[in-house]
Structure formats: structure tokens, C-alpha cells
Amino acid sequence: MSTGKINVAVENIFPLIKKFLYSDHEIFLRELISNATDATTKLQHLSSLGEIKGDLGDLTIEVKVDKKAKKIHIIDQGVGMTEEEVQKYINEVAFSGAEEFLEQYKDSAKDSGIIGHFGLGFYSAFMVAEKVEILTRSHKEEPGAHWVCDGSPEYTLETTDKESRGTEIILHIDKDSKEFLEEARIKELLQKYNKFMPIPIKFGTKEESLPLPEGAAEDAKSEMVTVDNIINNPNPAWTQKPADLKEENYKSFYRELYPMQFEEPLFNIHLNVDYPFKLTGILYFPRLNNDLNIQKDRIQLYQNQVFVTDNVEGIVPEFLTLLRGVIDSPDIPLNVSRSYLQADGAVKKISNYITRKVADKLSSLFKKDRKAFEEKWNDIKVVIEYGMLSEDKFYEKADNFALYPTTEGEYFTFEELKESIKDLQTDKDDKLILLYASDIDAQHSYIEQAKNKGYKVLLLDSPIISHLIQKLEGSKENISFARVDGDTIENLIKKEETSVSKLTDEEKEKLKPMIEEVIKEGGYTVQLEPLDSSTLPFVLTQPEFMRRMKEMQQTGGGGMMGNMPDMYNLVVNTNHELVGQILNTKTQKKKERLIQQALDLAKLSQNLLKGEALTQFIQRSVDLIK
Ligand code: ADP
Ligand code: MG
């Protein structure tokens, strides 16, 4: 047997790093600014430990584009490097000085927000540059160093007379990467990746007007001055303590995140944990209404204030991707595929934590100010219902604050609802019947009938409600949902003393085929029922089960029903005078007219009468009253 070490030739690996390290070339700037930020953070840390004495001076990082000379400069005033350190940290690929620093200052630097990790970021410079220079001088009493490398594994390193502390990286931009010599492009990258990084970053200058002195004349012009253009906010709201923030701070941070968004968020949730993982962030509930097609992917993911992605799939539970805001966690492993992420234990914990925080926040809003919660319900229900459907842990909590509004504008929790209808709305098996409507206008006549009998009708109109209803029926005992137009109220809520039919069995046997003959083209199932005499002579209903399956299919999931047509039952009210009249009319012509008229009235009440049928109905009505 023999053992040994695999020998990797640098000449072969280097081009690979250049090409495949990151799929996105633009991240070179993020990496170099991250290094500059780390160098400055380290300096501040050493100063706080007393290892560096005296004033640190200005620590602003500067980015400069020199289009003519085809160069980009990234300049910091951080710890810098000695020649020896350049040897160690730069010349040894995949040796991370950041890791080493964290190791050395284990206890104190744990939360310092050092970004670097793998010791590869620096080399991303070669994705856009044909030559890279480092000019650096350490905070230690040592001369400066000058390193130059043209992308081959050979470099030069020599002493130089740089006077100021810190590091300047000079990228000689490759001809394939000319886009990065455009100021607008760099500005865009800074906005995307560095907007909230912890050390101020300067990019060019801007004109600013000085405030007018007190008592200045109305037409006085304020003086313009040129100031540094700082592109970032080093202390974004999520990095601050919740106790130090007011409602207004959260709102203004929202505007900072989404400058093009004019509507204010409904409320926010400040995330803040240290153990067993580190995570901070702020989530906002936007107004959602019933719109499921709103843009997802509005949550931004950061690691130590560096923007990583706005695709949080796999990290945040699906139902929360409807929210907005930021999440910052150095503990999310992003170097693995998304499908692997979902199985990762740490990510699972993070996802569970976020779900729990959202549920707790909603619960406390509900308890603290029920009225305000009810007012927001219409805008937040989609997220809550979606969560109840997809996350069992969320369902358990949300069951206590999820609301069921009635068509009268009352709001009940599920338990309250059960309590309030338990004596009135049951079927013959004592099952509770929860009547609901999905559209107040379209189902108006049905709602009215139910209300006249003293029943409560819920208004459930969110796009995923049929899925939730299905779930509630499966998990709660002895309840059943029924849409008001799903069947006649008398059939749904059956009492012992079912009203008796005014027609004899014999008469009924005559009536049914009589009607079926006239309306045979509509494909209705005819049903005779002794309804209230105040109910219409004919009523159209749509079987609850079929309709619900169809709806569920339209919003994802639920059976293989194909594109099935709507199906209606025609319920004939045998207690209605007009039905008696139909039975007793002698002339066939008149009989048919009455049946047709009764059917059209039923359709009309449900907004189903259209086109030629409507014209005929009007003509027939005119004839009848002539
Ligand atoms: P990482 O940041 O993951 O450690 P990099 O390849 O980005 O890896 O950088 C390698 C090392 O080079 C850093 O850890 C740091 O020690 C050193 N370094 C890079 N840029 C700077 C800089 N601007 N100032 C001081 N040291 C730097
Ligand atoms: Mg780095």
C-alpha cells in the first residue's frame, strides 16, 4: 500500500478559479469591498482591545473609476498588510486571513461581523481584470508592500513607500469587462450589494445646498457645496435594537428598501436571535388583498450587511415569501444548492424560527388590539390562510387568531363562531353547518334567505379558501362548510319538523316530468322540495363538492377534473303558489311559458341570465303583464 498527497498544479487550477469561482462576474466588487470592510472592522476591533493606540482617523472606503486608464481603485484605511502578510494571505490561495483573525480573537470577535470566510474572494478580481495590484501598508511599524499579478500564477512583491495606513487594490480592467468602467454600472452594483454595509463607502462627489442661515430673505439662494457621495447607510434599522426603534424608523427603513413603493406596510416583525444561530432582520406585511399574483421575492437576504440574494426560496417558508423586508444571517450556508438547503438542519431551524416569530407577532397584535386586527384582516388573510395550509406548526397557532368574517361585518374566531351558531345551524346528524358566501352581490338572494332565518353567513372570498375549507373539515370534528347557493337552506339545515309538502305524491309524480320536458336542454337535475312559500318557485343550486373541487383545481392541486362544465340542480319549490298553478294550467303553451319564466327568474337571481335568453325573458315578461 502507498499513501500520498494529491498534487495540484497551480497553473491548471488558476484559470479554473478565474472562470468558475462565481457564475456572476459582477460580484468582484462586492468581494473587494467586503475585504476593505473586514480590514476596517479588524482595525476598530484591535483599537477597542487597546492593541492599537490613538485616533483611527477617517475610515471611509473609496471606490474610484478611471475610465481613461481602464482602472478601478478600491481604497481602504484598515489594518493593511505587511509584506509577510501579503505572502501568507494573498499568495496562498484559499487561506483566509478572516478565518485566522476570528480564530485568534475567538471570544471577542465572534460578533464583530467579519465577512470573509473561504479565502477565495480576492481572486474574483481576476474575473474582470487582466492585472491586479495591491498597494498596502500595515498599521504595524513596517514599510509598505506592492504586489502585482497579471493572472498567471507568477507575481512580484516588493517594498514600496506608501505612507498612509491601509490598502489600495487597483484593477486593470480586461477588455471583455469594459462595462465595469462605466460609472453608472458601478453605481448600480454599489446600490445592489453595498447599500447597507457597515463602513461608509464613498463614490465620487455630489453637490449639496447648505442650509440657509436663520432669518435669511425669502428669495435668498443657499450656497452649493461639493461633498463626498456616501452610497451606503452603515446602520440600517435591522442592525439596531428593537427597543431603540420607533414606528416611524421602521417605516422610513421600508421606504429605503423599496423606494418605488408608495404604500405603507401594515406592520413589521423585528427578528433578532443569537442562539443557536445568529439571525437579524425585519419583515413587513404589505397590503395584499386577494391578489395572489403579487410579486414574490421581495425579501432580501444579507450576510453581515452584505447583500447576497433576493431569492429566499428554501430559507423562508413558502407562505412568507409574500412578505417583504430583510433577513441577515451569517449562518445560512449558501455554497450549496437550494434543494440541499431545504434539508439542511440549520436552515430548518431558521425557517421554523421565522414562522414562529410571525405567528407570535400576529397573535400579539390580535390580543392587543382586536379591532385593529380585524381592520387589517382583509389584507393579511392570504398569508395567514396560506400558512395554515402549508405549515402545521403555523396552523396550530393561527387557529386562535384566524378570523371568519360574516357578510354583516362581524369577525369570529373559529371557536367563537362555533359557539354562536351551535343552537341554530345544525343538520339532522347534529353536524354544525357553516354557511358561507364568496361574493355578496352574486349570491345576494341566497344570503338574504339565510339571514331571514337568522343564520350567520360567512364571507370567505380569498382565492385559496376552498383549500382551507377542505383542511378545516378534515381537522375539526363534526363541522361542514356549505356555500349559500350550494343547496337550499332547508336541505342544509334540517330540523325535525321539516315542513310538509302542499302537493300530494301523485301530483309530484306528474309535475317532475312536466318540468323536465320543458327545460331539458339546460342539463339540470330536477329536484322537488317543500321550501318556504316565500322562497322563489324555482331555485338553482350548485353541488358544494363539485364546485369546490373545481375551485381547488383552479388555484392549484385538487383532483383531475379536467375542464368540467358548471353543474346546477333545479330545485322546484312545491310549496310555492306558482308551482301549483303550473300543475293546474290546462293549456300546454301557457304551462311552458310559466315554467320558462320561473327558470329565468331563478337564473336572474344568480346573475346567470344573459344574451338571447335575457331578451326572451324580457319579451315574455312584457307579454305577461299586458
Ligand atoms: P477571505 O476574505 O474569505 O478571508 P479573500 O480571498 O477575500 O478571503 O482575502 C484573503 C485575505 O487577504 C483576507 O482574509 C485578508 O487577510 C487579506 N486581505 C484581502 N484584502 C485586504 C485588505 N483590503 N486589507 C487587508 N487585508 C486584506
Ligand atoms: Mg474576502
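Modeller: Domain bounds here come from an automatic or database domain assignment, and the model to which they apply is a predicted one. On that basis the protein is divided into domain 1 (2–204), domain 2 (237–368), domain 3 (403–492) and domain 4 (505–542 + 567–625), and the C-alpha centres of domain 3 and domain 4 lie 27 Å apart.

Biologist: What makes domain 3 and domain 4 count as being in contact?

Modeller: Contact means heavy atoms within 4.5 Å, and 12 residues of domain 3 meet that condition with 12 residues of domain 4. The area buried between domain 3 and domain 4 is about 1,000 Å², with carbon and sulfur atoms giving 41% of it; on the side of domain 3, Y446, T488 and E490 lose the most area to domain 4, together 39% of what that side buries.

Biologist: How many salt bridges does the rule find across the interface of domain 3 and domain 4?

Modeller: The rule finds 0 salt bridges there.

Biologist: Why is K431 called partly exposed?

Modeller: The relative accessible area of K431 is 31%, and because buried means under 20% and exposed over 50%, K431 falls in between and is called partly exposed. K431 is placed in the loop between α12 (414–421) and β16 (432–437) and, leaving aside its neighbours within four places in sequence, is in contact with Q425, T426, N478, I479 and S480.

Definitions and conventions
Residues numbered from 1 in each chain as written. Chains lettered and ligands numbered in written order. Predicted model: local features only at pLDDT ≥ 70, side-chain atom pairs only at ≥ 80, totals over all residues. Heavy atoms only, no water. Helix = DSSP H or I, 4+ residues; strand = E, 2+ residues; numbered from the N terminus. Buried < 20%, exposed > 50% of the residue type's maximum accessible area, 1.4 Å probe, protein only. Buried area = accessible area lost by both parts, 1.4 Å probe. Salt bridge = Lys/Arg side-chain N within 4 Å of Asp/Glu carboxyl O.
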